[in-house]
Amino acid sequence: MASGFGYSGGRSRCHAFWQEFHKCYALADKPEECVLQRDDYLECLHHSKEILRTKTIQDEQHKQKEKRAKEAAASKKKADSAAASNVPRLNVVEEKAKATA
């Protein structure tokens, strides 16, 4: 954090997180006490957790889309196989229907 000013002249988007981290660090006996504030500030700067979460969601959506496509292809193949079977061609179904009627 160089100056605390953003590109438009106002405060930067992460200035509040920086102030909180700086205040904690100045008052802390051990630097380890300010890990949460540091993580918040770094997340504000780099969005690393947000990017990771977005990538995870997109990967899961891609997996589900592929799974649905495979299931649709298997269903279509099964339906095509049933339609192309020998039973309708041999008139077995029609003869049974006539016999029961």
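Residues are numbered from 1 along each chain as its sequence is written, and side-chain values use heavy atoms, with hydrogens and water left out. Because the model is predicted, local features need pLDDT of at least 70 and side-chain atom pairs count only at pLDDT 80 or more, whereas totals for chains, interfaces and linings use all residues. Helices (H or I, at least four residues) and strands (E, at least two) are DSSP runs, numbered from the N terminus.

A disulfide is a covalent bond between the sulfur atoms of two cysteines. With a disulfide taken as a pair of cysteine sulfur atoms within 2.5 Å, the count comes to two disulfides. One of them is formed by Cys14 and Cys44, whose sulfur atoms are 2.1 Å apart. Cys14 lies in the segment before helix H1 (15–27) and Cys44 in helix H2 (residues 35–46), so this pair ties together parts that are 30 residues apart in sequence. The link of Cys14 and Cys44 is left-handed, with -95° about the S-S bond. In terms of relative accessible area, buried means under 20%, exposed over 50%, and partly exposed in between (1.4 Å probe, protein chains only). Cys14 is buried at 3% relative accessibility, and Cys44 is buried at 11%.

A disulfide also joins Cys24 to Cys34, with an S to S distance of 2.1 Å. Cys24 belongs to helix H1 and Cys34 to the loop between H1 and H2, so the pair ties together parts that are ten residues apart in sequence. This link of Cys24 and Cys34 is left-handed, at -95° about the S-S bond, and both cysteines are buried. When the bonded cysteines of the chain are numbered in sequence order, the pairing is 1-4, 2-3.

The structure also holds three aromatic pairs. Rings of Phe, Tyr and Trp (its six-membered ring) pair if their centres lie within 6.5 Å; planes under 30 degrees apart count as stacked, over 60 as edge-to-face and the rest as tilted. The ring centres of Trp18 and Tyr41 are 5.2 Å apart and their planes stand at 55°, so the pair is tilted. Trp18 in helix H1 and Tyr41 in helix H2 are 23 residues apart, and their pair links distant parts of the chain. Trp18 is partly exposed at 24% relative accessibility, whereas Tyr41 is buried at 6%. Phe21 and Tyr25 form a tilted pair, 5.9 Å centre to centre with 40° between the planes. Trp18, Phe21, Tyr25 and Tyr41 form one aromatic cluster.
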